[in-house]
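Subject: The structure we talked about, with notes

Hello,

Here is the structure, and below it are my notes on what was found in it. Please read them with the model open beside you.

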There are 2 protein chains.
Amino acid sequence: MTLRDISRGAGEWLRGSGPHSDVVISSRVRFARNLAGFPFVNRANRRQRYEVLESCRSQIMTNRLADNTLWVQLADSPAIDRQLLVERHLISRDLARRTADIPRAVAIAADETFAIMVNEEDHLRIQVLRSGMQLGDAYSQINRIDDILEEKLDFAFSKRFGYLTACPTNVGTGVRVSVMMHLPALKLTGEIDKVKRAARDMHLAVRGLFGEGSEALGDLYQISNQTTLGKTEKETLADFEAAVIPQIIAYEHQARQALLRQREKQLDDRVWRAWALLNNARVLGTDEALQLLSHVRLGIHTSRLDRVDIRTLNELLLLCQPAHLQKVTGQEMTPAARRIARADLMRQRLGGR
Amino acid sequence: MTLRDISRGAGEWLRGSGPHSDVVISSRVRFARNLAGFPFVNRANRRQRYEVLESCRSQIMTNRLADNTLWVQLADSPAIDRQLLVERHLISRDLARRTADIPRAVAIAADETFAIMVNEEDHLRIQVLRSGMQLGDAYSQINRIDDILEEKLDFAFSKRFGYLTACPTNVGTGVRVSVMMHLPALKLTGEIDKVKRAARDMHLAVRGLFGEGSEALGDLYQISNQTTLGKTEKETLADFEAAVIPQIIAYEHQARQALLRQREKQLDDRVWRAWALLNNARVLGTDEALQLLSHVRLGIHTSRLDRVDIRTLNELLLLCQPAHLQKVTGQEMTPAARRIARADLMRQRLGGR
C-alpha cells in the first residue's frame, strides 16, 4: 500500500454511514503516550528520538494492529504527501510542519480506522477514527491497540497523575475525544454562536475543520474535550456520548426543522444554488467548494435534493483540497490552476457539464 | 388592445435583431414639442392642461400613426400599470409619478415602435424605439409622425431658438437620441469608467437602465446627447451613428476578445454560473436577475453557451421586473413573494428544474 492508494482510497469514515451520520461526520478518540526512560520529544536529543521511533515502529508494525498498515517516514516525505495526510486528518499540522531534524513517522491502517503518530508532541499519539457517532467502537478499538502496545512498550505513568504527557492539558488519561459535526442549519439560523458559547461553558473546544485556529469551513465543527485530568476515560466518553453530542445533534435537527417550516424556499434556494454552482463553475476555490458541498449535504439530509450520495460528498470534501487535488490529477499546480482543476473535478464527479 | 396585451406582447425591439444587436439593445429618438398658445405644462392651469390633452389625443388617435394605437389615461391608471410602462421604457418615471391633478396620457403603438407622452414636462414627447442600432430608421419614423402631427397641431417655434421646450437643454431641435448598450466586457475588465469619462468629454450622458440617477443594472447603459441647441438634428444623429456608438461598440468588442484570449476560464465561469443560478435559484431579486441575464447574454455573444436565444433574454429582462412579474402572474405580490415568483419564472422559461 502506498500514499497514492490512500489518496484514492475509501477510509471507513468516508462511508458516511454510522449512527447520526446526518449530523456527525466522524468520531475520533486519541490517546497520548510516552515511553518511560526517554525525555519528551522536544527535550530529547537526536539519538533518543531515533530510539523512540525505532522502538515504536517495530512494535506497531510487527503486532499486526490491522490487516495492512502503512508506515510513512515523514522526514523523507515530499511536502505534498504530508499535506495530503493533514487533509485526511491522519496527521496533525504540527507533525507535517516539523523540521527535518526530528525523525517522525505515522502508521496508518489501510482502512484509515487508526493512525499512530510517532514523535509528535508526545512519543505516541494513537488515534482511531470512525464514521458517524461511534465513540464507543472507537474507544474499544483504541483500547485494544493501546493494550497491545503497552505489553511491549513501557509507557510513562505516574500513580498520582496518570499517563504523563508533554503538555499538562493531556496529563491523566491522555484521552482526547472529538467529534466532527456538520452544523449548516445552526449556521444559517445564526444560532451557532449560542452553541459555541454553551460548549465553552462545558470546557469543550469548538474548532474548525483543521483543529486549533482553523476556520469552520464548510460548516464543519470539531467538538472536543479540553482537559483530561480529574475525569476517567469512561466519564469523558460518557459525557460526550450521552449528553454533549446528542444535545448539539438535537439543536441542529431543530434548526433544520425550523428552516423547513419557516424558510423552506430560502433553504431550497441555498441547496439548489450550491448544486448548480458545483455543476457549472469553471473556477472554484477550496473555501467556496467546501461551503457549496455543505449546502448540498444539507439538501440531502432535508430531502430537498437526491442527485448525489453522502459518500461522494465525503470524497469530494477531501478531493477538493489542494494536496488531494494534485494527487488525483497527478501534477503539481499553481493555486490558479488548482481552482480550474477543482471546478473540473466537481463537474466530472457530480455529472455536470 | 389593452395593457395586458402589451405586457405579454412582443415589442419590435424585443426581437433582439437589428444591426450590432450583440452590443446595442435598442435605439431611441425622442422629440419634445409644445403647442403654441398654451403655457408649458407646469405653468398651465387645469383647464389648459385638459385642452392640450384633448387636442393631442384627437390628432394622435385619428391620424392612424400605426395600425393599432393604445391610449392610456395615466391619471386613472393603477400604479402597477404605470410602473409596467416605465419598465418597458414607454413612459418616463416622472410621468408615472406625477400627481393626479395633471391630466396626462401616453399613446402607444401596438408594436411599441413609438410612444407619445402627453403633458409630461412638454406637451408632447414623441419617442420611437427600435431594436439594435437603427437610429436612421427611428429618425425617419419619428419625422413622419412629427410631420403628420405638425399639419394639425401648431407647435411652439422660434426662428431664433427653434422648437421651444420647458427645459432649456431641449430647446432647438428638441431631439434626444439615445442608445441602450450592453457593455458587460467593459465592466468585467474595469474599462467602463474610461468609456464613461470619454463620453462625458463629448457632452454625452451615460445613464443606467432607467435614465437619470438609475444604476447600470445588468451592465446596460443608455448613451444620449445632452444638448440639442447649436446642432442640427442631422448633425446630432450623424455624430451618434458614425462616430460615438461605433467607437463604443469597438471598445466592447475588444474587451470581449481580451476576455476570450486572456481570461477564457474566468469568462466561462461567469457565464455558466449565471446560467446555473437562473436555472436553479428559488429566491431571486431584480438586480441579481438582471446581472445574471447580462452574463448569459455575454455568453451567447461570445459563443460560450447556446441554450437560449436573445429574444427570450430580452423578454426575461422585462418580465423579471416587479410590475411585469405581477402582470404575468396575475396577482399583486409583496417583494418577498416576487423574489420567489421571479425565480420560478426564470426556471420555467429557461427550462430549469
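With which residue does B:Asp268 form a salt bridge? The partner is B:Arg304, and the closest N and O atoms of the two are 2.7 Å apart, where a salt bridge is taken to be a side-chain nitrogen of Lys or Arg within 4 Å of a carboxyl oxygen of Asp or Glu. B:Asp268 belongs to helix α9 of chain B and B:Arg304 to the loop between α10 and α11 of chain B, so this pair ties together parts that are 36 residues apart in sequence. Both B:Asp268 and B:Arg304 are buried, a word that stands for under 20% relative accessible area, with exposed meaning over 50% and partly exposed in between (1.4 Å probe, protein chains only). Helices (H or I, at least four residues) and strands (E, at least two) are DSSP runs, numbered from the N terminus.

Before going further, please keep in mind that this is a predicted model, in which local features need pLDDT of at least 70 and side-chain atom pairs count only at pLDDT 80 or more, while totals for chains, interfaces and linings use all residues. Residues are numbered from 1 along each chain as its sequence is written, chains are lettered from A and ligands numbered from 1 in the order in which they are written, and side-chain values use heavy atoms, with hydrogens and water left out.

Other salt bridges

Over all chains, a search of the whole structure finds 40 salt bridges. In one of them the side chains of B:Arg33 and B:Asp146 meet at 3.1 Å, N to O. B:Arg33 lies in strand β1 (residues 24–33) of chain B and B:Asp146 in helix α5 (residues 135–152) of chain B, so the pair ties together parts that are 113 residues apart in sequence. B:Arg33 counts as buried because its relative accessibility is 1%, and B:Asp146 is buried as well, with a relative accessible area of 3%.

In chain A, a network of salt bridges links A:Glu120, A:Glu121, A:Asp122 and A:Arg125. Within it, A:Arg125 and A:Asp122 have their closest N and O atoms 3.0 Å apart; A:Arg125 is buried at 7% relative accessibility, and A:Asp122 is buried at 0%.

Where the chains meet

Chain A and chain B each bring 19 residues to their contact, which means heavy atoms within 4.5 Å. The area buried between the two chains is about 1,800 Å², of which carbon and sulfur atoms give 57%; buried area here is the accessible area (1.4 Å probe) that two parts lose on being put together, summed over both. Across this interface the rule finds two salt bridges, including the one between B:Arg273 and A:Glu288, whose closest N and O atoms are 2.8 Å apart. On the side of chain A that touches chain B, α9 (264–280) and α13 (335–350) of chain A each supply at least two residues, and α9(A) gives the most, with 10 residues.

Helix α13 of chain B

The 16 residues of α13 (residues 335–350) of chain B should span 22 Å at 1.5 Å a residue, and the end C-alpha atoms are 22 Å apart, which agrees; the expected span is 1.5 Å times one less than the number of residues. Among the buried residues of α13(B) are B:Arg338, B:Leu345 and B:Met346, and what covers the buried residues includes α9 (264–280) and α10 (286–301) of chain B. Just after α13(B), B:Gly351 takes a positive phi of about 85 degrees.

Best wishes
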